[in-house]
Amino acid sequence: MTKTEKRNLRNGLIFVSPWIVGFLCLQVYPILYSLRLSFTRYSGFGKPVSVGLENFRTLIQDPLFTKSLYNTFFYTVWAVPLGVVVAILIALAMNQRVREVAVYRAILYLPSILPLFALSFVWIVFSNPRFGLLNYILQGLGLPIIDFIGNPVWTKPSIVLLAQLGAGGPALIFLAGLRGIPRELYESAEIDGAGAMRSFWSITLPMLTPVILYDIILGLSMGLQVFTQAYIITSGGVNMAGPNNSLLFYVFYIYKNAFQYTRMGYASALVWVLFVISMILALSVFKWARSWVHYGNE
Amino acid sequence: MDWKYVKKHLKKKTVPRILLMVMCLFYLLPLYWMVATSFKGSEELSSFPPTLWPHKFIWQNYRDAVEYIPFLKYFINSLIIALGVTAGSVLSNSFIAYGFSRIQWKGREVLFLIAIATMFIPFPVTLVALFDIFAKIGWINTYLPLIVPSFLGQALYLFMIRQFLMSLPKDLSSAAIIDGASEFTVFLKIMLPLMKPVLAVVAIFSGVNAWNDFLTPLIYLQTEDLYPLSIGLQFFRAEHNVAFSQLMAASTLAIVPVVILFLLFQRFFVEGITVGAVKG
């Protein structure tokens with residue numbers, strides 16, 4: 001190693017050292033530490049008592065574990081694809097060449113940065129069967145009144161719907177993607193006699209696939225973490241997380257075990273299952289993506 | 001009149017306009033309902049069907065909202081946390097990103113790849129263990145677990161700043177280095193001023209995220225006088241028998257700072273979000 005190389009190595013490490021500290025203390029160590037805790041019974045006070053695989057055995061037979069896993073998958077399976085479709089639709093709308101488009105763009109984007117805790121309260125009021133606007137509109141359309149947060153069939157779909165308020169964020173990324181598609185592609189398609197629909201399916205959509213992948217990965221990660229909405233709508237879910245525990249999402253169940261029942265050992269076992277599931281999901285999505293993501297060769 | 005021209009205008013301008021307006025309507029309705037409900041009196045609120053426009057504007061609701069709960073205290077707490085996190089994110093990420101982009105050293109790319117990979121680890125995975133760790137060092141019920149981590153860099157912001165720094169020409173700094181300036185001087189005197197636009201994006205995003213954060217303060221803060229708005233509003237419902245109009249008034253007040261920030265710095269929001277879109 002030359003003198004310059006040595007100096008650069010030293011300087012480089014000095015500059016990134018805060019990140020290294022954070023990586024080791026806030027990520028690596030906690031993940032390993034929770035692995036250790038997952039084999040113990042631990043209330044947060046005193047010493048963890050080793051119990052071997054007991055937590056994992058309990059977990060397999062725990063109906064609430066299965067329920068929270070089901071609820072989380074239900075939410076993710078609906079919210080992620082719907083989120084992609086809505087974001088693309090918004091992006092297509094944002095891409096229209098009308099003079100005041102900046103105003104529309106701002107309106108569609110704004111809800112995505114508003115605090116979810118406040119939006120959850122708004123949702124409680126907005127979807128209320130008695131004084132909510134949503135049901136008033138449904139009624140006007142001749143549809144039945146739905147108790148979106150009181151009926152266990154509707155609680156999760158209602159949260160999927162609420163999540164669409166945040167579609168403006170990903171839509172901006174799709175908009176950037178749309179802008180990046182070379183114009184010539186559309187021009188030559190038009191010469192070949194392709195209509196608008198045909199162009200969308202064979203040019204726009206394939207060219208957007210990298211962004212779609214990004215959005216799916218982001219959505220999956222957010223979907224597995226869904227918590228705030230459920231916590232607020234169920235007022236902390238102290239007895240039950242929504243009617244029939246229909247809003248008991250996985251992270252909510254971790255939270256309840258760790259901080260309401262002080263079962264830190266069991267909560268750590270749950271954490272590890274989440275860690276493994278999210279790693280497997282991320283890897284399989286990347287692998288699956290190879291078959292459909294189109295990388296332009298520019 | 002030229003019929004063909006009218007048809008084209010209809011297709012290119014009028015139809016998109018109507019579609020856009022309908023979409024915007026959907027996105028504005030919940031917010032409209034929040035504000036409308038916040039002004040309704042209790043009688044009006046219980047009438048069915050709901051009134052679309054408040055008959056009488058009860059400004060008292062806003063007064064009640066800030067007096068029912070220590071609103072101002074929560075508001076200031078939220079502000080303290082948000083400012084702390086913003087300062088931490090801007091300082092640490094600019095410093096770290098410099099090391100990840102402007103200095104050439106062995107192992108840099110591998111470490112950066114690891115940093116990016118951590119983005120895929122869901123944050124709750126570390127939650128239980130971190131709580132126990134912070135409890136052992138006596139950080140529970142302080143702002144330290146909320147603010148200190150922001151001083152250790154976040155992958156997303158590192159990525160954003162690095163993208164920006166990599167696009168700057170190399171000889172901007174190499175001349176100064178040859179003249180004997182230390183890497184730290186170059187960072188402070190040359191690079192930091194140039195980073196302003198991207199740091200503005202980081203500041204806005206980290207600040208807004210801290211303001212909106214719910215899970216972290218929920219876990220680490222235990223006494224009411226430390227609560228930020230996100231946790232404080234929750235109390236509202238439990239203690240005051242669901243005063244919906246006042247709750248909506250308080251929610252409106254919690255949202256307003258973010259809306260103002262957005263209106264002032266719209267450009268940065270848009271830039272920040274699109275930087276995240278990686279190609280390939």
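Student: Is B:Arg63 buried or exposed?

Tutor: This is a predicted model, so local features need pLDDT of at least 70 and side-chain atom pairs count only at pLDDT 80 or more, while totals for chains, interfaces and linings use all residues. Side-chain values use heavy atoms, without hydrogens and water; residues are numbered from 1 along each chain as its sequence is written, and chains are lettered from A and ligands numbered from 1 in the order in which they are written. Relative accessible area, taken with a 1.4 Å probe on protein chains only, is under 20% for buried, over 50% for exposed and in between for partly exposed. At 51% relative accessibility, B:Arg63 counts as exposed.

Student: Which residue forms a salt bridge with B:Arg63?

Tutor: A salt bridge requires a side-chain nitrogen of Lys or Arg within 4 Å of a carboxyl oxygen of Asp or Glu. For B:Arg63 the closest N and O atoms are 3.7 Å apart.

Student: Why are B:Glu67 and B:Arg63 separated by about one helical turn?

Tutor: Helices are DSSP runs (H or I, at least four residues) numbered from the N terminus, and both residues lie in helix H3 (residues 60-68) of chain B. An α-helix has 3.6 residues a turn, so residues three or four places apart point the same way. The separation is about one helical turn because B:Glu67 and B:Arg63 are four residues apart.

Student: In the salt bridge of B:Glu109 and B:Arg108, how far apart are N and O?

Tutor: B:Arg108 is buried at 5% relative accessible area, whereas B:Glu109 is partly exposed at 43%. Salt bridges that share partners join B:Arg108, B:Glu109 and B:Arg162 into one network. Between B:Glu109 and B:Arg108, the N to O distance is 2.9 Å.

Student: Which residue forms a salt bridge with B:Arg17?

Tutor: A search of the whole structure finds six salt bridges over all chains. In the one formed by B:Arg17, the closest N and O atoms are 2.6 Å apart. B:Arg17 lies in helix H1 of chain B and its partner in the loop between H3 and helix H4 (101-109) of chain A, so the pair joins two chains. The partner is A:Glu100.

Student: Which helix gives the most to the lining of the largest cavity?

Tutor: A cavity is a set of points on a 1 Å grid over the protein atoms alone where a 1.4 Å probe fits but cannot get out, and lining residues have an atom within 4 Å of a point. The largest cavity holds about 90 Å³ of space, and its lining includes A:Ile217, A:Ser278 and B:Phe120. Helices H10 (196-224) and H13 (264-289) of chain A each supply at least two lining residues. With four residues, the most comes from H10(A).

Student: What is the volume of the second largest cavity?

Tutor: Among the residues lining the second largest cavity are A:Leu69, A:Tyr250 and A:Ile277. Three residues, the largest share of this lining, come from H3(A). A volume is the space filled by probe spheres set on grid points joined across faces, edges and corners. For the second largest cavity, the volume is about 50 Å³.

Conventions. 1 Å grid on protein atoms, 1.4 Å probe; cavity = no way out; pocket = protein on both sides within 12 Å on 5 of 7 lines; lining within 4 Å.
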